[in-house]
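Visitor: I would like to go through the charged side chains of this protein. Could you guide me?

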Amino acid sequence: MNIKRRHFIKLTSLSAASLPFISFAKDLNKPLYDGMKAGDDATFEMFVNPKNFHRPFVRWWWNGDRVTKEEVLRELDIMKAAGIGGVEINPIKWNENADPIGIKELTWGSDEWLDVVATAVKGAKEKGIICDMIVGSGWPFGGEHVPRNEQSQIMMLGTKNLEGGKKYTLTKKELVDGVTPPSNYANKISELFMLRLAPAVMNQFAPGENLNNQLANDDISIDVPAGNHVLYYLVKFTGFQSVIQGALGAKGPVINHYDGAAVQNYLDHFGELLTGKLGQLNNYFRAFFTDSIELEGANWCNDMFEQFKLRKGYDVEPYFPYILFKVGEMGNAVKEAYGSKFSPELQATINRVRYDFLDTKVSLFQERFIGTFTSWCTKHGVRSRMQAYGMDCNPLEASMQIDIPECETWIWVPEIEEFDAGKDNFSGRNYTMINKFVSSAAHLTGKQLISCEEMTNTGQIFSTTLERVKITGDQSNLSGVTHSILHGFNYSPLEAPFPGWLRYGSFFNERNTWWPYFKLWSAYKARLSSVLQNSVMQADIAVLHPLADLASKYGFQRDPFPNVSYPPYVHKVWEAIHQNGNGCDYVTEHIIQQATKSNGSLTFGPRNYKALLLIEVETMEPATAQAIRQFADAGGKVIFVGKTPHLSSGLTDYKQKSEEIEKTSKAILGQHIKTTGIVPVPGSDLISWYRTIQQQFSLMPYVAISDPVIHVSQLYYKNGEMDVFYFTNYSAAKPHNFTARFNNKKTAWLWNAETGERLLHPVNADGSLHITLGRSQSKIIVFDDKQDGERYEPVDLKPLKETIVTGPWQLTLDHANGTSKKITLDELKDLKQREDTRDFSGTITYKKVIRLNGISQKTYLTLGHIYDVSELEVNGRQMGTKWYGDHLYDISNAVQKGDNDITIKVVTTLGAYTKSLKTNKAAQEWSGGDLYGPTGLTAPVKILTSNG
């Protein structure tokens, strides 16, 4: 009981500390929340003209630290002109495929390097650009200066099957060499740590024969008793991992993240370098950043056994070799049979001890790494920003400690995949599995600023379109993100041969063909972020994942890419909730325990939930079961998916506690028949599954959607008395129309994030709205008390007369390589299909004279859905630019009776060109796979006219 209370006290302290975090965030950047205080007009004004902290930031890769003062200032100007509001300075290892063009590689931490840092941060401040900076270089924390006693440690499991009645002699070298750590740094040291002989079949627990008295021997002798046995042995590696992609001067061993002194020493070393040059750090930096917690399975510190006993009340050493998994790449458990065969009862015991160990490890990480990092940031007057997830973190509670919690959204392939709920956890999904945990943590601690490493791309970066960027970013927002930190902008002098210096990330670069149009997306994203950061996302459903079951059976996962999703559909449930018009947050057992339960509500901090959905949760603490019963007794709705809790987490008194939990679950169901229940697990159609739950438990949606589909979703935010709904269609193939019924009588407005306009939205006679979302389109619908304004007039193409524009077309092809040529096409076709234009990338200008016999009230020209950016000019008048969805232009005010000069400009991606550069290593590194989409116009160009 004392141990359980320790956890309760720890999180209680954390929750109390969240209020200073919110206050601290406001003090550091007061304008972030002005819109929430000043009312609708101030919010709209900020929407029209977003601040820099709303605009996308970039991860500014300082490639190999081959940086100069002149170039950093030039690049800051380039980014500012493109609508980028901030940078994260990120020194990174040099890519050997690039040409250094004689520029010196500076040593991280040197005086020369610090001079360039000073120039960058002072220049950014003068230009109004916000600066963050990664701690160190690469990830995780580490470097050449880290002493041996502060380096990361891993305890690796090895096994050998031995026949009974035989005598074996094994060498220590043979055993140590038999296990290889996931990250095999050459300068590591190894130590044979434990030897244990166990029967090959075990029905009840026994620690086995302790052979540790031979640990110092070069030769180890084993007399195996009758019956087959297994030798379990543990090898401790120290300094087994080196910094991933560390720059010169910042390479070397990773620190031990479970050692508070090691973390503090590393942070102080970094801080002293910067303060010695810059003085007070908050004069120049908003936040310091901790990147991916990829510790490759690190699981040890010198007082691990002592900490376990202190926290759990028993000794883990007898169980230790049996609770560890054999691990491989990235520290993931290997998928192979090994070790003794345990009876189901014994396996359950092993799982409970494993949970206790992992819970201890997670607690140490949160206290000794995250706690130390956030305290260090507070001392320097800056914010902490961190991707606080991985095998070493509670996926939700870790982010609650961070000022700016961060997640990540990826571009896996250039093509925009359709969203497929039944296929896997990735198809069509660009947000990662961790995003909803991170945004929920922010909501629970009252934070509106939720950042995301966005557009992470390790594939065909040159084939990524602006439409791909939009859909990826829109999905990111759906997962709760309110600010984009793009991955990334590569430091690359113009003098470097094409395509320049590249380390990672999508090709956000002045050499990209569509870079002149990037500001169209950045302006859209800034306006959207200004609304989301200054409003509060609403959630009426709390969702509890079976984290204790997952950890016990499979271990905590390497989020954001879990090796195991348990149950398989677990990361899709929140999608169905939002697609059906509700909103949800993830919660943890500790959140439920500490929440207030009254009047049908579960309240934690600023969040208030009407229902709790438990996804196949079998294992929990008794205090959690009691808290859920209190919620049910207070009128709250409790929905068990597939199973009810009946097992206690951890080993101590588990039988008694399990009986208590099972009894409590039965009481909840028996005493609250109308408001609690067990629902079946979903099949492939999660939308229909959740809609049935909605109806069964009378879960009133924020917006009733007539025809929910898998490729359209919504978020509901509040800003004072203003209600904000964000709808987005993340399919590039399917438009969608539906009727939306809202729970208010206020005036509906369409806020156009591309233009900054505010238009009255038409309302149906019954008060509902008909919403049309084209391919890849998003809409912000705002309800407030304003009455007057210009009306939004949706375009209805159905009654229009359609005329196909036929050839010939005159084409000018301005290649990205600087060459130009002219061709004539009798009909539009994919230029990849022509031998002479197969590798073309650049700008294609189509010219045509179109004769109109008369002038209609409305005339449109449509290119259909194309993959690239287009511009249209009619009779010398610019008609605008389209960069996603259907490229439809209103040309009513430009056409004339008779001949009309039509000029269509199409800007392609660089993919075809870079793929053709077979001897260009930098281009080839990022040009693998098949090319995406056609080059140029392929669908018929059409003129659409009204009859009037």
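This is a predicted model: local features need pLDDT of at least 70, side-chain atom pairs count only at pLDDT 80 or more; totals for chains, interfaces and linings use all residues.

Visitor: Which side chain does D836 meet in a salt bridge?

Guide: D836 meets the side chain of K821, at 3.3 Å from N to O. K821 lies in strand β38 (residues 820–825) and D836 in the loop between β38 and β39 (842–852), so the pair ties together parts that are 15 residues apart in sequence.

Visitor: What does E871 pair with?

Guide: E871 forms a salt bridge with K905, and their closest N and O atoms are 3.8 Å apart. Because E871 belongs to strand β41 (residues 869–874) and K905 to strand β44 (residues 898–907), this pair ties together parts that are 34 residues apart in sequence.

Visitor: How accessible are those two, E871 and K905?

Guide: E871 counts as buried, at 17% relative accessibility. K905 counts as partly exposed, at 31%.

Visitor: Which residues do salt bridges with shared partners join into one network?

Guide: The network consists of R59, E88, D132, R286, D291, R385, E406 and E453.

Visitor: Let us stay with R59. How far apart are the closest N and O atoms of R59 and E88?

Guide: They are 2.9 Å apart, and the two residues form a salt bridge. R59 lies in strand β1 (residues 57–63) and E88 in strand β2 (residues 86–92), so the pair ties together parts that are 29 residues apart in sequence.

Visitor: Is R59 buried or exposed? And what about E88: buried or exposed?

Guide: R59 is buried, with a relative accessible area of 1%. E88 is buried as well, and its relative accessible area is 1%.

Visitor: Why can such side chains pair?

Guide: Side chains of opposite charge can pair when their charged atoms come close.

Visitor: How many salt bridges does a search of the whole structure find?

Guide: The search finds 45 salt bridges.

Visitor: A change of topic: which residues gather in a patch of negative charge on the surface?

Guide: That patch brings together E415, E417, D420, D424 and D930.

Visitor: Where does E415 lie?

Guide: E415 lies in the loop between β14 (404–410) and α11 (435–444). The relative accessible area of E415 is 32%, which means that this residue is partly exposed.

Notes: Residues are numbered from 1 along each chain as its sequence is written. Side-chain values use heavy atoms; hydrogens and water are left out. Patches are made of residues with over 30% relative accessible area and no salt bridge: like charges are joined within 9 Å, nonpolar side chains (Val, Leu, Ile, Met, Phe, Trp, Tyr) within 5 Å. Accessible areas come from the Shrake-Rupley method with a 1.4 Å probe; for residues, only the protein chains shown count as cover. A salt bridge is a side-chain nitrogen of Lys or Arg within 4 Å of a carboxyl oxygen of Asp or Glu. Lys and Arg count as positive and Asp and Glu as negative; His and the chain ends are not counted. The place of a charge is taken as NZ of Lys, CZ of Arg, CG of Asp or CD of Glu. Helices (H or I, at least four residues) and strands (E, at least two) are DSSP runs, numbered from the N terminus. Buried means under 20% relative accessible area, exposed over 50%, partly exposed in between (1.4 Å probe, protein chains only).
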